[in-house]
Amino acid sequence: MGIQKDRVKFNVGGRIFETTATTLANAGRNSLFGAMFDDEWNLNSDATIIEHFIDRNPNCFSVLLDLLRTGELYLPQNLPEKLLYREALFYGLLDHVRSAKWGPFDGNRLRLARSVTGQAPGDGTAIRAGPDGGCCVAHGSMVHVYDWMMEEHPPINLDYQRVNDAGWIDSENIVLSACERLGKGDGGMGLFSASTGELRYKFNVKHENQVKSYTAGALSFSSDYKLFSSCKGRSNEYGIGVWDQVTGKQIDFFYEPPGWSLGDADKLQWLHGTNCLLVATLFPRKDNCYISLLDFRDKSMVWSWSDIGTPITDERRVRDAIAMEETSSICVVNEYEDLGFMDLRRNAGSVRWSSRSRLMKGKMPDEPCYPKLALHDGQLFSSMNDCISVFCGPDWVLTSRLRRSYGGSICDFSIGGDRLFALHSEENVFDIWETSPPPII
């Protein structure tokens, strides 16, 4: 870039600041300062000959200017953090502030940033990380939405319809799936505003050209703007529905075949490499476990596994499953946090269990929560009681454990926006784990 070393003067709320074009260019093209440069990153002709007056908080401007100079964020004790965020939004520097507060996600370098107390005691349903570092927490028929600064937005109330799952389409829109209320014709799915809680539209299920009432369960999203959900209707609407995220229109439905389970699925996962959907129905929702890969292009089940007909003990009961495309395998976990693996290249193969990952033996806690799995940037995460384990490498070696004793067992966790959110069961408390920003050299 042909950045000049010209000095630029600002009058911010009565205080004079002087800096260079190089420092201002660090703000980027989409910031307030980006308009001061031409296409070649040279200062515009009038940028250096006048004093730029900005009627904003000078103390915050000083902090943000130092951030552009050094890449480090230092917040004086007498400066409220929320005030700085507001000013950073005005200047178009929120992304710079976020990057300075926490670094790129790494499960082995996470630190507990803070814990947030929920609005009510008891088991939460789900916690889902937003794309920009915020999250939402489903608790019964209520969903509490937080932005990346952990400011709570107006909650979403589904009027006594229990929320089964939640998912972010983008930083402004959340999809919620809910149970049908008998005699009310409610339930199903809706798209809600993350900032206001307003219902924007519902996702209907049509069967034989008639709109049906249904219970929506697990959710998943594809890169081509499709939304998938497990569905249970009153007649034959059991299976996996597909909708257009943009219009809300139903575009497909994979009906549940006899002797299998799709409509009660606990987990859906879209596989971008193979264009297939993982569907897992697990114990205790069903007496047996059903895991399958669905190809909607020809309405086929291209891979399946079930424990029907095999001797099952607690140590071999699958509690969660996740597909790992890079190794063409599916990872499962039991209630003792033993990991098991199945080869996707072999249909109806057996589970290869590994006891090397066992972290707990003997008595279970009084109110245990079943393990959950997540995969992020080549790292495998598994929750167990009040901690989350991190596994890495081709042999999935245990490398880190995240533990927070307050709030009871972890009932759900989610990764997104370079953060990990963990929801505890007893006090409805959730923790926020972040990676420390890299050192400035």
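Me: What are the ground rules for the numbers?
Reply: Residues are numbered from 1 along each chain as its sequence is written, and side-chain values use heavy atoms, with hydrogens and water left out. Since the model is predicted, local features need pLDDT of at least 70 and side-chain atom pairs count only at pLDDT 80 or more, while totals for chains, interfaces and linings use all residues.

Me: How do you know where one domain stops and the other begins?
Reply: The bounds come from an automatic or database domain assignment. That gives domain 1 (7-102) and domain 2 (110-435), with 41 Å separating their centres, taken over C-alpha atoms.

Me: What makes up the contact between them?
Reply: Contact means heavy atoms within 4.5 Å. By that rule, 7 residues of domain 1 and 10 residues of domain 2 take part. Buried area is the accessible area (1.4 Å probe) that two parts lose on being put together, summed over both. Here that comes to about 750 Å², with 66% of it on carbon and sulfur atoms. On the domain 1 side, Tyr85, Arg98 and Trp102 lose the most area, together 74% of what that side buries.

Me: Why is the Lys82 and Glu151 pair called a salt bridge?
Reply: The label asks for a side-chain nitrogen of Lys or Arg within 4 Å of a carboxyl oxygen of Asp or Glu. Lys82 and Glu151 have their N and O 2.7 Å apart, so the pair qualifies under that cut-off. Lys82 belongs to helix H3 and Glu151 to the loop between E7 and E8, so the pair ties together parts that are 69 residues apart in sequence. The count between domain 1 and domain 2 is 1 salt bridge. In the structure there are 23.

Me: What makes Asp252 and Lys299 another salt bridge?
Reply: Their side chains meet at 2.9 Å, N to O. Asp252 sits in strand E18 (residues 250-255) and Lys299 in the loop between strand E21 (290-295) and strand E22 (300-306), 47 residues apart. Helices (H or I, at least four residues) and strands (E, at least two) are DSSP runs, numbered from the N terminus. Lys299 is partly exposed, at 41% relative accessibility.

Me: How do you know which side of the cut-off Lys286 and Asp264 fall on?
Reply: Lys286 has 29% relative accessibility and so counts as partly exposed, whereas Asp264, at 12%, counts as buried. Their side chains meet in a salt bridge at 3.4 Å, N to O. Salt bridges that share partners also join Arg128, Asp165, Lys372 and Asp412 into one network.

Me: What makes a group of residues a nonpolar core?
Reply: Such a core is a set of buried Ala, Val, Leu, Ile, Met, Phe, Trp, Tyr and Cys residues joined through side-chain atoms within 4.5 Å. The largest one has 33 residues, and Phe10, Phe33 and Phe61 have the most contacts inside it. Among the elements giving two or more residues are strand E1 (7-12) and helix H2 (58-70); H2 gives the most, with 7 residues. Beyond neighbours within four places in sequence, Phe10 is in contact with residues including Leu24, Phe33, Met36 and Phe61.

Me: Why are E5 and E8 called edge strands?
Reply: Two strands pair if DSSP finds at least two bridges between them. The open sheet of 4 strands runs E5-E6-E7-E8, with antiparallel pairing. Strand E5 (126-129) and strand E8 (156-157) each have a single partner strand, so one side of each is left without a neighbour in the sheet. Strand E7 (residues 142-146) and E8 pair over 2 bridges, and Met142 has Asn157 as its bridge partner in E8.

Methods
Buried < 20%, exposed > 50% of the residue type's maximum accessible area, 1.4 Å probe, protein only.
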